[in-house]
Amino acid sequence: MTTVLDRPVPAVTAASGRRRYGERPSVAYLFLSPWVVGALLLTLGPMAASLYLSFTDYDLFTAPEWVGWDNYVRALTVDPHFWNAVEATGKFVLISVPVQLAAALGVAMLINRRSRAQGTYRSAFYAPSLLGASVSVAVVWRVIFNDWIGTPERALLALVLLSVWQFGAPMVIFLAGLQQIPSEYYDAAAVDGAGPWRTFRSITLPMLSPVIFFNLVYDTIRAFQVFTGAYVVSNGTGRPSDSTLFYTLYLYEKGFVEFKMGYASAMGWMLLVAVAAVTALLFRLSRNWVFYAGDES
Amino acid sequence: MNAARLRTAGWHLFVLLLLTPLLYPIVWLAAASFKPGSEVLEQSLSLLPSHFVFDNYRELGGELAGVPVWRFFANSILVAGGSALANVLSCSLAAYAFARLRFRLRGPLFAFMLATIMLPAHAVLIPQYTIFQRLGMVDTFWPLILPKLLATDAFFIFLMVQFMRNIPRELDEAARLDGCGSIRIFGAVILPLVRPALVTTAIFTFIWTWNDFLSQLIYLSDPEKYTLPLALRLFIDTTDQASYGPMLALSALALVPILLFFAAFQRLLVEGFATSGLKG
């Protein structure tokens, strides 16, 4: 009796399942086709090509000439500007990312409060992130910090400030994260007599840690690629004494001013490896401090 | 009651105190663009000009490097507008496939798509340039727009996938029962429902392209084709004090479209950006 009833049921679901999703699998690829073409021709292909070019001498106009590890060896052992660029970028990432995130978290907690003005404040703090990447703002920086950009440490500091100034973007994400923490946790903490610092350490930080991690990864990757400010402040030279010679700026100079495109490709790949390594490290370290509620993922 | 009100007032005061230096550079730019050129560097931090002059703006009515200044605006609008349209079109197509359709490589392709968000543009810059050079597209707007038509801005695919996942599947299924195919469902059901995501994508793309400097610097060399960031760069190279005035005036004008978009769509932009980070 049961077998008779059982049999048709899966048959119906299977049939409707085929109709629901599988009409023609090619339809999915039709929707995906622009992306697939882009991924192949503008991402994967160029990645492979730039790996090849990094082992050549190439000036865009004559055929690339194979030179083995030459570009890498020259960058790592001979070219002093390369290490200056690494140093400037390293300092910039190490200082600007933590300071920016701390400012973002602080302001997010500050304005996370029941008030009709919250939306306006949030927008006002966010505005610099929309403007900050522009040449216009870099020009403003150049004029306002005119006295600073002549000395190496201060020139870099001016660029760090330009980046920190744009803390509104991670702030907005922190704020949305804070608003998702169930208020019962805070009520319970208050009942237990926990002070503000204790509440922050035991509730806010762990509950927010996935969002902190997201912002940390995203900001770090972006910080490695900052270009416009350094170009504008230093006229594209990275001066004074290479203090603002960001890696991307030096890569641009090698590739598109000196047309040493093999060398620039090698630099591009080293950047890719460095960013991937730092990201992997951040993921690795995240196991120790990032807390996923319910541990779903 | 009174103490609570005092605390609220203190909170407002503190927030405004923080906002003042934060917004100062923008206000400064607006004010300084009315300063006489010679005054700009001498009193670089002061807000008010000794007397307001409109000369800086008047000069922008003329030419820069032999090109009328309005042309730079037109070029920037063309590039940023074209990029915005291209991103909306290509990213929504890809996002629909990832969010709703079943196909064998969905998992790995989705992971790959996410990984490309993290890919530094510099790693592929030179081969991309070579490709566009071979295609004879250097010094045209194509290298700036074509990549967006091919959905290389994966961030926006991701943003739209997040929006589409929130649409109840029952709506698709009802349309399927009515005999709609995926293409109809995409156009008639999904797209209208993700309109906020489309607008967010369009405006963000417009603003980011409007601000973008590196790729425009690389691909455009004829001043006739210069966009605003490149026109501003012409000023940067000069050390002439007198050119500081027009430089600031053009800088200020270049920010106006961004501020207008932001004023009109701030809620959508801020919330669109916030959700991108949360469900990752």
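In the predicted model, 85 residues of chain A are in contact with 97 residues of chain B. The size of an interface is often given as the accessible area lost when the parts come together. For chain A and chain B, this buried area is about 8,300 Å², and carbon and sulfur atoms contribute 76% of it. On the side of chain A, the residues that lose the most area to chain B are A:Phe31, A:Trp35 and A:Leu42. Together these three residues account for 11% of what the chain A side buries.

Chain B consists of 280 residues, of which 52% count as buried. Its secondary structure comprises 14 helices and two strands. Along the principal axes, the C-alpha atoms of chain B fill a box of roughly 70 × 70 × 30 Å. Of the contacts in chain B between residues at least 6 apart in sequence, 70% join residues at least 24 apart.

An unreviewed UniProt entry lists residues 72–97, 109–129, 141–164, 185–210 and 244–265 of chain B under "transmembrane region". Residues 109–129 of chain B are 71% helix and 0% strand, with end C-alpha atoms 25 Å apart. Residues 244–265 of chain B are 100% helix and 0% strand, and the end C-alpha atoms of that span lie 32 Å apart.

The accessible surface of chain B amounts to about 12,400 Å², with 66% of this area belonging to carbon and sulfur atoms. Chain B carries 20 positive and 17 negative side chains. The centres of these two sets are separated by 16 Å.

How values were computed. Residues numbered from 1 in each chain as written. Chains lettered and ligands numbered in written order. Predicted model: local features only at pLDDT ≥ 70, side-chain atom pairs only at ≥ 80, totals over all residues. Heavy atoms only, no water. UniProt positions renumbered as here; feature names shortened; annotations may be inferred. Helix = DSSP H or I, 4+ residues; strand = E, 2+ residues; numbered from the N terminus. Buried < 20%, exposed > 50% of the residue type's maximum accessible area, 1.4 Å probe, protein only. Contact = heavy atoms within 4.5 Å. Areas by Shrake-Rupley, 256 points an atom, 1.4 Å probe, with all protein chains shown as cover. Lys, Arg positive; Asp, Glu negative; His and termini not counted. Charge placed at Lys NZ, Arg CZ, Asp CG, Glu CD. Buried area = accessible area lost by both parts, 1.4 Å probe.
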